[in-house]
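Please look over the sequence and the fold shown below before reading on. The briefing that follows begins with a single residue and then moves through the chain topic by topic.

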Amino acid sequence: MSVASCVGNLLTHPSDVLTWAQFLLYRARRNITFPHEHPTSGWDRPSMRRCWTLLDQTSHSFSGVIKELDGELARTTCLFYLVFRTISTIKDDMTIPHTLKQTLLRSFHIHAFTPGWTFDRSGPHEKGRQILVDYDAIAEEILMLKPTYRVIFADIVERMATSMADHTTKNVHIATVAEYDLYCHYASGLVGEGLSRIFSASRHEARWLEDQIELSDAMGLLLQKTNIIRDVREDVGAQRYFWPREIWEPYGFSTMEDLCDPASRERTIWPQSAMIADALRHTIDALKYLQLLTNQSIFNFCAMPAVMALANLHMYFMNTDIFDRHLKLRKAEAARLIMRSTSISSVASIFSEYARKIHAKSVPEDPNHLRISIACGKIQQWQERFYPSAPRTHIARNNSLVEVKDTSFGSTHEKAALQKDQTLLLTGSVECVLRLPLT
């Protein structure tokens with residue numbers, strides 16, 4: 001970010017200074033370099049230090065939150081993430097000949113556990129090249145993991161790499177929403193499944209969490225689809241067409257390149273809206289998954305990208321700038337979300353806030369207006385059901401109880417009516433209807 005941009009942000013958002021101060025000074029962090037952390041972080045081994053460096057280079061957003069996971073879970077998740085990024089790098093590297101790429105992906109479940117294996121035939125300026133060059137350090141550390149973790153790695157790596165080889169064969173021209181869901185499942189849903197199995201194997205979460213495949217898949221799909229919406233310009237430029245033809249063709253577009261044509265800006269807003277409506281399908285299951293987590297560090301790890309996804313979807317909605325440049329949240333806004341995302345009630349509240357903002361931006365002229373409205377309404381309904389924004393009060397009136405908001409939030413007229421009637425107050429979040437005789 002340039003100096004001018006920083007100054008502009010401070011002038012337009014002066015509260016960002018306080019947010020950054022709070023984030024930097026008061027947020028507790030785990031330092032994996034401290035000697036007492038070496039047994040679980042592996043920082044005392046040169047190979048693991050290389051892995052931590054690769055993590056910092058490949059993911060600015062995930063690096064910090066991975067390091068804060070409890071015990072050996074941080075090291076295990078770091079390696080799992082690097083393996084996943086290695087597969088993604090091979091798939092997206094346009095400098096690798098197609099035949100060689102197929103061979104690499106279909107045999108990667110072997111390379112991933114082969115000591116000393118590296119690959120240095122990517123283009124010298126190719127993004128992510130270093131992770132392939134230094135893969136020998138990753139393989140060395142994977143072989144030091146507990147057998148239970150290695151079994152999970154082997155299963156997920158083979159399924160993911162094989163599926164990516166299949167999509168590389170198709171040159172990533174996705175036709176239907178069903179194909180889109182399947183691609184996102186293999187690209188990110190499998191990562192969610194693998195992480196759930198790792199969390200369970202670590203005993204930091206319940207054993208049955210690994211069986212919640214649909215919910216962990218929804219978490220992965222929400223994040224992957226948000227990234228696909230964000231990266232549309234870059235992907236089209238590289239001839240990777242992830243937006244399903246089923247979504248954008250009905251709006252009069254012949255190719256994905258037409259979507260990025262400045263002359264089509266007025267029409268591109270509708271297929272963009274359809275993509276966001278599709279991504280919002282996964283929000284409720286993502287919240288249900290977060291609701292199952294009991295370990296604080298794991299919850300933070302999963303909640304942070306989820307709330308970022310909702311914030312980004314709000315930023316992309318009705319904003320055609322994504323077809324011209326890469327849009328990012330302000331750093332202070334991201335910091336504010338991270339500090340708030342420490343409990344399921346707070347995350348539900350954040351989801352609900354962005355759902356209201358998305359709905360407020362929606363217009364009746366949008367063919368997806370109803371779908372957007374329903375999706376946003378479901379998010380708010382879920383939050384109010386499990387984590388209401390104001391305490392509920394049940395008032396007995398006419399021999400039955402009716403539910404209203406806490407009277408402290410009501411108007412003077414409402415309070416007077418309550419005082420006038422003979423009432424029985426039951427506070428809490430009880431949703432059942434009781435019928436009690438009044439004496």
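In which helix is Arg265 found? Arg265 is found in helix 17, where helices (H or I, at least four residues) and strands (E, at least two) are DSSP runs numbered from the N terminus. This is a predicted model, in which local features need pLDDT of at least 70 and side-chain atom pairs count only at pLDDT 80 or more, while totals for chains, interfaces and linings use all residues. Residues are numbered from 1 along each chain as its sequence is written, and side-chain values use heavy atoms, with hydrogens and water left out.

**The chain as a whole**

- The protein chain has 23 helices and 3 strands.
- Of the 439 residues in the protein chain, 50% are buried, a word that here means under 20% relative accessible area, with exposed meaning over 50% and partly exposed in between (1.4 Å probe, protein chains only).
- Among the contacts in the protein chain with a separation of 6 or more, 70% come from residues 24 or more positions apart, and a contact means heavy atoms within 4.5 Å.
- The protein chain exposes about 20800 Å², of which carbon and sulfur atoms supply 56%; such areas come from the Shrake-Rupley method with a 1.4 Å probe, and for residues only the protein chains shown count as cover.

**Arg265 and its surroundings**

- At 14% relative accessibility, Arg265 counts as buried.
- Leaving aside neighbours within four places in sequence, Arg265 is in contact with Leu259, Cys260, Thr320, Phe323 and Asp324.
- Arg265 also forms a salt bridge with Asp324, the closest N and O atoms being 2.4 Å apart; a salt bridge is a side-chain nitrogen of Lys or Arg within 4 Å of a carboxyl oxygen of Asp or Glu.
- Because Arg265 lies in helix 17 and Asp324 in the loop between helix 19 (296-316) and helix 20 (331-340), this pair ties together parts that are 59 residues apart in sequence.
- Asp324, at 44% relative accessibility, counts as partly exposed.

**Other salt bridges**

- A search of the whole structure finds 23 salt bridges.
- One of them joins the side chains of Asp155 and Arg197 (2.6 Å, N to O), and this pair links distant parts of the chain, with Asp155 in helix 11 and Arg197 in helix 12 (residues 177-201), 42 residues apart.
- Asp155 is partly exposed, with a relative accessible area of 27%, whereas Arg197 counts as buried at 16% relative accessibility.
- Asp155 and Arg197 also belong to a network of salt bridges in which they are linked with Arg159 and Glu193.
- Another salt bridge brings together the side chains of Lys225 and Asp278 (2.7 Å, N to O), linking helix 13 (residues 213-230), which holds Lys225, to helix 17 (residues 265-280), which holds Asp278, across 53 residues.
- Lys225 is buried, with a relative accessible area of 0%, and Asp278 counts as buried at 2% relative accessibility.

**Aromatic rings**

- The structure holds 13 aromatic pairs, which are rings of Phe, Tyr and Trp (its six-membered ring) whose centres lie within 6.5 Å, with planes under 30 degrees apart counted as stacked, over 60 as edge-to-face and the rest as tilted.
- Phe80 and Phe153 form an edge-to-face pair, at 5.3 Å centre to centre and with 65° between the planes.
- This pair links distant parts of the chain, since Phe80 lies in helix 6 (residues 73-92) and Phe153 in helix 11 (residues 147-169), 73 residues apart.- Phe80 is buried, and Phe153 is buried too.
- Trp382 and Tyr387 form a tilted pair, at 5.9 Å centre to centre and with 50° between the planes.
- Phe62, Tyr81, Phe84, Phe199 and Phe301 form one aromatic cluster.

- Helix 6 is mostly covered, with 17 of its 20 residues buried.
- The 18 residues of helix 22 (residues 369-386) should span 26 Å, which agrees with the 26 Å between its end C-alpha atoms.
- The buried residues of helix 22 are Ile372, Ser373, Ala375, Cys376, Ile379, Trp382 and Gln383, and what covers them includes helix 17, helix 18 (283-292) and helix 21 (344-361).
- An α-helix has 3.6 residues a turn, so residues three or four places apart point the same way.

Definitions and conventions:
Expected span 1.5 Å × (residues − 1).
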